[in-house]
Structures are given as structure tokens and as C-alpha cells.
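Dear colleague,

Here is the structure I said I would pass on. My notes follow below it.

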Amino acid sequence: MKLLIISSFLSGWCCLTLAQTVGTLSDLDSLLGCMSRVVSTTRHVVQEKVYLHFDNTGYFMGEKMWFTAYVVRADGHRPGVRSRVLYVELLNPGGDVVQRRKLKIDDRGHAHGDFSLDSLYGTGFYEVRAFTRYMANWGGAACFSPLA
């Protein structure tokens, strides 16, 4: 998303700078046409967002952590995403992935899953990270990642 904002800003700035040096109306119209194409393109490149809804706020070893995932478009928080697969990872306090799930996203943008919290992992604050492959284009900041 940051990349789109930056590229839109730079395109607009270039068009405005060039428009100040343009002498004819037809040159200005072509610059405005270029700018409208850039804006139109950014509307079609929609970022996805993931939100995980957990069945509890805290867990003990040996329990199951159930969750529902909602994958939505970032421009209006509504379904209509491109991805059909959601990756959900459970990370230990050291940041290592201890469990990973690959879930199917249905037509409404929902996915359901769980993690079994084995006693082998030890206690501490665990992180759950959820993302689609499409979200990887936007960097790690696009991933859903609360502490569990």
C-alpha cells in the first residue's frame, strides 16, 4: 500500500511539475490523461487484509486454539479477494515457526483452523501470523500478527 501511495504521489508531482512548463492545452490534456490512467491502475491493484478471530484470549498447554480468519479487501473491508489459500503460523517466543496451517479461503473470504498447543513448546507469549501469498508483495507489515 505504501508503494502505491508513493508511486501515486510521485506521478502526481511529476505531472504537476511538467504541467507548469507546458504551454499548450493539448499537452496539459495528455498529462491529465496520463495521471488518470495511473489513478485507475491503483484502483485495480487492491491489497488484502487478514483478521483472525480466536475462541479465547489466553490458552493453557494441551488446549486447542480455534480461530476463524476473515480475508477482505483493504479498500473497503469487504470480501472479494484474489487469494484462495491462507497461511497461518504459530511462532514461539524466539520467533521460530512451531506449527503451520494452509487453509482454503471460501467465497465469503472465511477460513477456519486450529492449533494444538503441545506441552513440548513451553510457556510464553506466542505469536500467530496469517498471510496470503498475494500479501507477501506488500512486505511483512501486511501480515496479521497479534501476540497469542
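Gln99 touches Val88, Glu89, Leu90, Phe115, Ser116 and Tyr121, leaving aside residues up to four places away in sequence; contact here means heavy atoms within 4.5 Å. This is a predicted model, in which local features need pLDDT of at least 70, side-chain atom pairs count only at pLDDT 80 or more, and totals for chains, interfaces and linings use all residues. Residues are numbered from 1 along each chain as its sequence is written, and side-chain values use heavy atoms, with hydrogens and water left out.

Gln99 is in strand β4 (strands are DSSP runs of E, at least two residues, numbered from the N terminus). At 9% relative accessibility Gln99 is buried (buried is under 20% relative accessible area, exposed over 50%, partly exposed in between, with a 1.4 Å probe and protein chains only). A polar atom of the Gln99 side chain lies 2.5 Å from the backbone oxygen of Ser116.

The order of the open three-stranded sheet is β4-β3-β6, with antiparallel pairing (strands pair if DSSP finds at least two bridges between them). Its edge strands, β4 (97–104) and β6 (127–131), each pair on one side only. Five bridges join β3 (residues 85–91) to β6, and Val88 stands opposite Ala130 in β6.

There are six salt bridges in the structure (a side-chain nitrogen of Lys or Arg within 4 Å of a carboxyl oxygen of Asp or Glu). Among them, Glu89 pairs with Arg100 at 3.0 Å, N to O, and with Arg129 at 2.6 Å, N to O. Glu89 is buried at 5%, while Arg129 is partly exposed at 26%.

Regards

Key:
Helices (H or I, at least four residues) and strands (E, at least two) are DSSP runs, numbered from the N terminus. A polar contact is a pair of N or O atoms within 3.5 Å; within protein, one must be able to donate a hydrogen and the other to accept it, and residues adjacent in sequence count only if both atoms are side-chain atoms.
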